[in-house]
Amino acid sequence: MKPRLPPRSRRSWAAETAEGVRHLWRHTGLRSLVVAGGCAMTASSLSSTATYALLDIGLHRPAAFAGVLGSVQALGSVVSGLTAGALLRRVPVRALSVAGLTLFALGALARTTGSVPVVLGGSLLVGLGLPWPLIGAMTTVQKETPGELLGRVAATASTLVFAPTGLALLAGTAMVAVLDHRVQLLAAGAVALGAAALLAATGRTRAAPPAGPGPDRPPREAGAAEKG
């Protein structure tokens, strides 16, 4: 006879989301990394919506050249993703996020020039820098969240990181219609650089008190966390 599973407590979506938000708010180190990830996605959206204006006005290249820029940026992202694990074993997660945001800012600023080689180099830096603050935020969520809260905290963190993308795309589309594309790229660089400076100023990540059983509970095994 198949054993019956214990009944799952029925809680409203709003209550579970609020609990995830409270954990993020109390955990200052985790909160700052999640905010930095959201800033990275905001800057990325502002930068990407300026691409065709950059090609037309800045580089005097056809729209098809966007494929070249995208390929160079994708190459940077692949390298960034492949090296993130090794880097996280050697440097603090906050330092990696700051480095990624700084690289992204330098790449966005490089794209304000009218030089094809410099713009290509900037696209490579954008690709290198963007994944690191995202990986830093999501890795810290997994490490610093008790198992009974992991599902709702991860969902809340993902929303805070990726929800600004849509709003930033709308803002970027409006900006590129009325402003020089370089203003938009400068804004993207400023957002990333400001987030990097703020993250560096807030100091090292400190873990919040665990919100479950006592502090002596055994560490969670990989892949065995319960989702809230």
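1. Basis. Residues are numbered from 1 along each chain as its sequence is written, and side-chain values use heavy atoms, without hydrogens or water. In this predicted model, local features need pLDDT of at least 70 and side-chain atom pairs count only at pLDDT 80 or more, while totals for chains, interfaces and linings use all residues.

2. Helix pair. The axes of α4 (residues 66–88) and α6 come within 6 Å and cross at roughly 35 degrees. Helices here are DSSP runs (H or I, at least four residues), numbered from the N terminus. Axes are lines fitted to C-alpha atoms over the stretch in contact, with angles from 0 to 180 degrees between N-to-C directions. From α4, the contact (heavy atoms within 4.5 Å) includes V68, L69, V72 and G76. From α6, V119, L120, S123 and L124 are among the residues involved.

3. L124. This residue lies in α6 (residues 116–129). L124 is partly exposed, at a relative accessible area of 32%. The class spans the values between buried (under 20%) and exposed (over 50%), with a 1.4 Å probe and protein chains only.

4. Helix α3. Its buried residues are T51, A53, L54, L55, G58 and L59. They pack against α2 (28–48), α4, α6, α9 (164–178) and α10 (181–201).

5. H60. What is the phi of H60? Phi is near 55 degrees, a positive value in a residue other than glycine. Most residues other than glycine have a negative phi. H60 sits in the loop between α3 (51–59) and α4. H60 is exposed, at 66% relative accessibility.

Technical notes
Helix = DSSP H or I, 4+ residues; strand = E, 2+ residues; numbered from the N terminus.
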